[in-house]
Amino acid sequence: MDLIRSHRSEIRRSLHGPAWHGPALMELLADVSPKEAHARVVADAHTIAEIAEHALAWIEEVTRRLGGASAGTPVRGDWPEQKDQSAKAWEARIDSLRVAGEELDALLSTLPAERLLDVVVTSEPDVPDGGGVRFTVMLQGLAQHNAYHGGQVALLKKALRAGNAWT
C-alpha cells in the first residue's frame with residue numbers, strides 16, 4: 001500500500017471506523033444528544049461539543065496546510081467558544097466534521113506522494129504551531145489526535161449516562 005493511501009485510511013478510520021482501538025470519533029458522536037454535547041462532566045474539563053469543534057478546527061487546519069498555507073492556529077481557533085447550543089447547531093457541527101473529513105480525504109487523494117516529505121512551513125519560528133514537521137508526520141498526528149479525542153468523548157458519554165454531570 002502506498003503512503004498516501006495509508007494516511008487516508010488511518011484518518012478515515014480515526015473518524016469513521018472501523019478503528020482498531022474501538023469506536024471512531026464520528027461513531028462516538030453519532031448518538032450524543034445536544035444536551036449531552038454541552039453538559040459539563042467536570043467543572044474545568046471540555047464538553048463533548050467543545051471537543052468536536054476542536055477536532056473539526058484541526059482537520060480544517062491540516063487541510064489548509066496541505067493546500068500550501070503556513071502553520072498557524074486554526075481559523076476557528078484552537079478551542080472555539082460554543083455560543084449556539086441548539087440542536088440545530090449540534091447537528092451542523094457533526095455535519096461540518098463529516099464534510100471536513102471528506103474534503104481532507106479528497107485533497108489527499110490528489111496529493112503527490114513526494115509532498116509527504118515536504119516540511120510544514122511556519123510563519124513564526126518561535127511559536128509552537130505544529131510547523132517544521134513533515135506532512136507525513138502531521139497526517140499521522142491528525143489520526144492520533146482524532147483517536148485521543150474520541151477516547152475523551154467515550155469517557156464523557158459514560159460519565160454522563162451514569163448521571164455524573166457537573167451541570
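Helices here are DSSP runs of at least four residues, numbered from the N terminus. Thr 63 is found in one of them, helix α4. The model is predicted. Its largest nonpolar core has 39 residues. Helices α4 and α6 pack with their axes 10 Å apart. A cis peptide bond joins Gly 17 and Pro 18.

**Helices α4 and α6**

- Helix α4 covers residues 48-66, and helix α6 covers residues 135-161.
- The two pack at an angle of about 170°.
- Angles over 145 degrees count as roughly antiparallel, and α4 and α6 are therefore roughly antiparallel to each other.
- On the α4 side, the contact is made by Ile 48, Ile 51, His 54, Ala 55, Trp 58, Ile 59, Val 62, Arg 65 and Leu 66.
- On the α6 side, the contact residues include Phe 135, Met 138, Leu 139, Leu 142, His 145 and Asn 146.
- Further along α6, the contact residues include His 149, Gln 152, Val 153, Leu 156, Lys 157 and Leu 160.
- By class, this contact of α4 with α6 has 14 nonpolar, 5 polar and 2 charged residues.

**The nonpolar core**

- Within the largest nonpolar core, the residues with the most contacts are Ile 11, Leu 29, Ile 48, Leu 66, Trp 90, Leu 97 and Leu 104.
- Two or more residues of this core come from each of α1 (3-16), α2 (25-29), α4, α5 (87-110) and α6.
- Ile 11 is found in helix α1.
- Ile 11 counts as buried because its relative accessibility is 5%, and the cut-off for buried is under 20%.
- Beyond four places in sequence, Ile 11 touches Leu 104, Leu 108, Leu 139, Leu 142, Ala 143 and Asn 146.
- Ile 11 and Leu 117 are 106 residues apart in sequence, and their C-alpha atoms are 18 Å apart in space.
- Leu 66 touches Leu 104, Leu 107, Leu 108 and Leu 111, among others, with residues up to four places away not counted.
- The contacts of Leu 66 also include Arg 115, Phe 135, Met 138 and Leu 139.

- Thr 63, in helix α4, has a relative accessibility of 17% and so counts as buried.
- The side chain of Thr 63 reaches the backbone oxygen of Ile 59 at 2.9 Å.
- Thr 63 also touches Ala 100, Leu 104 and Leu 107, leaving out residues up to four places away in sequence.
- Glu 36 has its place in helix α3 (residues 34-38).
- Glu 36 is buried, because its relative accessible area is 17%.
- The side chains of Glu 36 and Arg 161 are joined by a polar contact of 2.8 Å.
- Apart from neighbours within four places in sequence, Glu 36 is in contact with Asp 31, Ile 48, Leu 160 and Arg 161.

**Exposed and partly exposed positions**

- Val 75 is found in the loop between α4 and α5.
- Val 75 counts as exposed because its relative accessible area is 75%, and the cut-off for exposed is over 50%.
- Even so, Val 75 is in contact with Glu 61 and Arg 64, with neighbours within four places in sequence set aside.
- Val 75 and Ala 49 are 26 residues apart along the chain, and 17 Å separates their C-alpha atoms.
- Ala 87 is found in helix α5.
- Ala 87 is partly exposed, with a relative accessible area of 38%.
- From C-alpha to C-alpha, Ala 87 and Ser 33 are 7.9 Å apart in space, while 54 residues apart in sequence.
- Ser 109 also has its place in helix α5.
- Ser 109 has a relative accessible area of 41% and is partly exposed.
- Ser 109 and Val 120 are 11 residues apart along the chain, and their C-alpha atoms are separated by 19 Å.

**The cis peptide bond**

- Most peptide bonds are trans.
- The bond joining Gly 17 and Pro 18 is cis, with omega about -5°.
- Pro 18 lies in the loop between α1 and α2.

Technical notes. Residues numbered from 1 in each chain as written. Predicted model: local features only at pLDDT ≥ 70, side-chain atom pairs only at ≥ 80, totals over all residues. Heavy atoms only, no water. Axes fitted to C-alpha atoms, helices over the stretch in contact; angles between N-to-C directions. Parallel < 35°, antiparallel > 145°, perpendicular 65-115°, else oblique. Contact = heavy atoms within 4.5 Å. Nonpolar A, V, L, I, M, F, W, Y, C, P; charged D, E, K, R; others polar. Buried < 20%, exposed > 50% of the residue type's maximum accessible area, 1.4 Å probe, protein only. Polar contact = N/O pair within 3.5 Å; in protein donor to acceptor, adjacent residues only side chain to side chain. Core = buried A, V, L, I, M, F, W, Y, C linked by side-chain atoms within 4.5 Å.
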